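Please read them with the structure open beside the text.

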2 protein chains.
Amino acid sequence: MKYKVGCVLLPSLLSFCASFSSPNNINKNSIKPPTPTFLNHKKRPIQKVVVVGGTHGNEYTGVWCIKALSRHAAKISSQYPSLTIETLLANPEAHYENKRFIHSDLNREFSQDKLLGEEGLPLTVERLRAQEVNELLGPKFGENHPSTDVIVDLHTTTTNMGICLIVPEGDVEMIKAAAYVSHKVCGGVNEGECRILVHSILDRNERPNLGSIARHGFTVEVGPVPQGVLRHDAVEKTEKVIHYFLEYLEKQNKNEQNINTLLEEWYPEGQLTIFKAAKACEEGQLCGRIRWPSDPENPNFPQFLVHKSLQDRDFHKIQKGDALFVDLDGNVINYSGSHGEEVYLIFVNEGGYYYSSSGTGLGVAVKRKIGIEDGMIRRYYEKKSITP
Amino acid sequence: MKYKVGCVLLPSLLSFCASFSSPNNINKNSIKPPTPTFLNHKKRPIQKVVVVGGTHGNEYTGVWCIKALSRHAAKISSQYPSLTIETLLANPEAHYENKRFIHSDLNREFSQDKLLGEEGLPLTVERLRAQEVNELLGPKFGENHPSTDVIVDLHTTTTNMGICLIVPEGDVEMIKAAAYVSHKVCGGVNEGECRILVHSILDRNERPNLGSIARHGFTVEVGPVPQGVLRHDAVEKTEKVIHYFLEYLEKQNKNEQNINTLLEEWYPEGQLTIFKAAKACEEGQLCGRIRWPSDPENPNFPQFLVHKSLQDRDFHKIQKGDALFVDLDGNVINYSGSHGEEVYLIFVNEGGYYYSSSGTGLGVAVKRKIGIEDGMIRRYYEKKSITP
């Protein structure tokens, strides 16, 4: 599949990056994107929603929120009568251990080869759990539609990302939902602390995250929250997002035209500001990540500190030459321009990215516009920023 | 030993609390405190210093600092010529697992029964490691002096504690060092974010923490830092404390009188403001901790959130009736006055206190004065605040 040639994908929390590409093949990509799988299901209404917590076992906020939802099932059900809402603790074993995962990141276990148990792959705790979850909420592959219409996957980050909604490019329903939620939570994406990140993997079958087993996936990230800790403010933010997301679905089920009118009013240009992974401009660099090296004796301990000038400054724009890291001798390592002259840092010093198996480093993104009606990123921005 | 009657000690990070007591027995305690063990060694100079990181495996800052110290051994050695400085990674197994501990909190494993391997106690990873560390840096018990004069134990906390220096009551050397460091770092304890907490267990043999195996123990806590994450600013703060601590020892070894003159100038009243664990006023409550209940299915997941009005407000004074917690139904739980009408909260929402085996809850302290010359807390404050 041409679209993926040269892509170095990270087995990490966020796989919102589709491809490594040189400036030469950008045009080709933007002309013929692969048809998103979810379009096959376009006409079915959204009814069954599963709210998932603890995909990463030490992200406690989601676990708290699904416990609270379960306790108030009757009230929730009467609030959103067109929906069937369920909850799931995704990785109970890792949660009880207060670890991100036991053997491997559950949020990367939903690819075809892993789910269908291709020979030669070891059966880890997370691989087995992924198969169970796929049976419960999917199936992702095969002739049957997934039993779940939307998975809302609740995460936290140790970084100062505020509220982030992560949705797949091309999934008009989820992009409209993100537009609705961000407006309700923060009065629009350009104000406040609610931002939208977009996965560029259009084909749902190609995405390895938990949300990909349902027809639609909607991931919520709230930060800063330490791993293994609950913060009241982060719980409240997450609950607010869940509420407005369900409210959107309810309104959409009742009267789609009303919702469209509302969105047109809120976003008169028909576009949303979003962030997407910055493609690497240098060979050997990863898409969406500026790596730091790991300690030779401990693959999960970094050899660099994130420079203090960047700490807590997620969505801050950096330029070639700006300080990025500090090593054990106090030397400062500057930005080489590996992902473009000017990029936005995201997930700045995320605890989950300390695992070398998850791809260490700083998240790096570009700012784009996405069409609310077609759910597609406006590619002409890309040409401008990367091609001289 | 009368002093310990009724005390419910917490197997946790901080054991700076000596006793559960009713107002009636405070006087007795303050009249006849047990003689601190370290006084036996009073005349020996301080030469061998061991800087310890990773006593809690997921507190990465200390691990970074000891790596950096080791890389610059020659420079450090010439800076502090009267000292022999070594470093130790205390719990490597937990560190490689990015966990606080594997089986039990290493910082509670240095009691006599555990170190001397009393029958009936299981040999956990941490119990075995404690015995090794005791051989390396102690011995704590027996006829020989410990081989180490001071252990500097580097910790971090997920809470907004700033820089905290934890020293034992009665250890004049460490209290003078804390006075020196806090003045150098923050211009005195009442300004800035450097505060001093005092263990009230006078007898070193009775303290179970790692620092207790050397003649003197000096614990550094810096926060907020998430577990399993390094922050450049926290590393710099910790390094500053290490530097000024070593500078104090160097100056003290060279000319004690000069240091005393300096401290008299900085603290003309001869006293330091410190915090110590608030004793429980209600039967069944723990000394120094207002507990939250744990989830029936997961002993390390709380049933209460810390109320948002307290989050990040360490050293904030609360009164009876103030909001403390929120439960899954949104009910607010107020402060019952369990530790006095007015108390200071410390370690507010500490990740290490989520483990029910460590004693869950909010830290609670009282503000006191301590004499720099005798290292003893001025007890008359205690009578005033607790007895009506």
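1. A place to begin is Asp105(B), which sits in the loop between helix 4 and helix 5 of chain B. With a relative accessible area of 6%, Asp105(B) is buried, and its side chain reaches the backbone nitrogen of Asn107(B) at 2.9 Å. The coordinates discussed here, in this point and in those that follow, belong to a predicted model.

2. On the overall make-up of the chain, the secondary structure of chain A comes to 10 helices and 16 strands. Chain A has 388 residues, of which 62% count as buried. Among the contacts in chain A with a separation of 6 or more, 74% are between residues 24 or more positions apart.

3. On the relation between the copies, chain A is superposed on chain B by a rotation of 180 degrees with 0.0 Å of shift along its axis, the RMSD being 0.0 Å. The two copies are thus related as by a two-fold rotation axis. Which residue of chain A comes closest to the rotation axis? Pro226(A) does, with its C-alpha at 2.3 Å.

4. On the extent of the interface, 45 residues of chain A are in contact with 45 residues of chain B, and the area buried between the two chains is about 4100 Å², with carbon and sulfur atoms giving 56% of that area. On the side of chain A, the residues that lose the most area to chain B are Trp64(A), His232(A) and Leu328(A), which together make up 18% of what that side buries. Of the interface residues of chain A, 100% are also interface residues in chain B, so the copies meet through the same surface.

5. On the polar side of this interface, the rule finds 10 salt bridges across chain A and chain B, and it finds 22 residue pairs in polar contact there, both residues being at pLDDT 80 or more. The elements that give two or more residues to the side of chain A touching chain B include helix 4 (92-96), helix 8 (232-254) and strand 13 (323-327) of chain A, while helix 2 of chain A gives the most, with six residues. By class, that side of chain A has 18 nonpolar, 14 polar and 13 charged residues.

6. In one, the side chains of Lys308(A) and Glu236(B) meet in a salt bridge at 2.9 Å, N to O. In the other, Lys99(B) and Glu97(A) meet in a salt bridge, also at 2.9 Å, N to O. Lys99(B) lies in the loop between helix 4 (92-96) and helix 5 (112-115) of chain B, and Glu97(A) in the loop between helix 4 and helix 5 (112-115) of chain A, so the pair joins two chains. Are the two partners buried or exposed? Lys99(B) is buried, with a relative accessible area of 15%, whereas Glu97(A) is partly exposed at 38%.

7. Within chain A, Lys317(A) and Glu342(A) meet in a salt bridge at 3.4 Å, N to O. This pair links distant parts of the chain, with Lys317(A) in strand 12 (residues 317-319) and Glu342(A) in strand 15 (residues 342-346) of chain A, 25 residues apart. Lys317(A) counts as partly exposed at 39% relative accessibility, and Glu342(A) is partly exposed with a relative accessible area of 39%. Asp374(A) forms a salt bridge with Arg378(A), their closest N and O atoms being 3.2 Å apart, and Asp374(A) counts as partly exposed at 34%. Salt bridges that share partners also join Glu59(A), Arg100(A), Asp105(A) and Glu350(A) into one network.

8. Most residues other than glycine have a negative phi, and most peptide bonds are trans. A cis peptide bond joins Gly138(A) and Pro139(A), with omega about 5 degrees, and Pro139(A) lies in the loop between helix 6 (125-137) and strand 3 (150-156) of chain A. The peptide bond from Gly223(A) to Pro224(A) is likewise cis, with omega near 5 degrees, and Pro224(A) is in the loop between strand 6 (216-223) and helix 8 of chain A.

9. Asp312(A), although not a glycine, has a positive phi of about 70 degrees; Asp312(A) is found in the loop between strand 11 and strand 12 of chain A and counts as partly exposed at 31% relative accessibility. Phe347(A), also not a glycine, has a positive phi of about 45 degrees. Phe347(A) is found in the loop between strand 15 and strand 16 (362-371) of chain A, and is buried, with a relative accessible area of 1%.

Technical notes
Residues numbered from 1 in each chain as written. Chains lettered and ligands numbered in written order. Heavy atoms only, no water. Contact = heavy atoms within 4.5 Å. Buried area = accessible area lost by both parts, 1.4 Å probe. Salt bridge = Lys/Arg side-chain N within 4 Å of Asp/Glu carboxyl O. Polar contact = N/O pair within 3.5 Å; in protein donor to acceptor, adjacent residues only side chain to side chain. Helix = DSSP H or I, 4+ residues; strand = E, 2+ residues; numbered from the N terminus. Nonpolar A, V, L, I, M, F, W, Y, C, P; charged D, E, K, R; others polar. Buried < 20%, exposed > 50% of the residue type's maximum accessible area, 1.4 Å probe, protein only. Least-squares fit on C-alpha atoms with pLDDT ≥ 70 in both.
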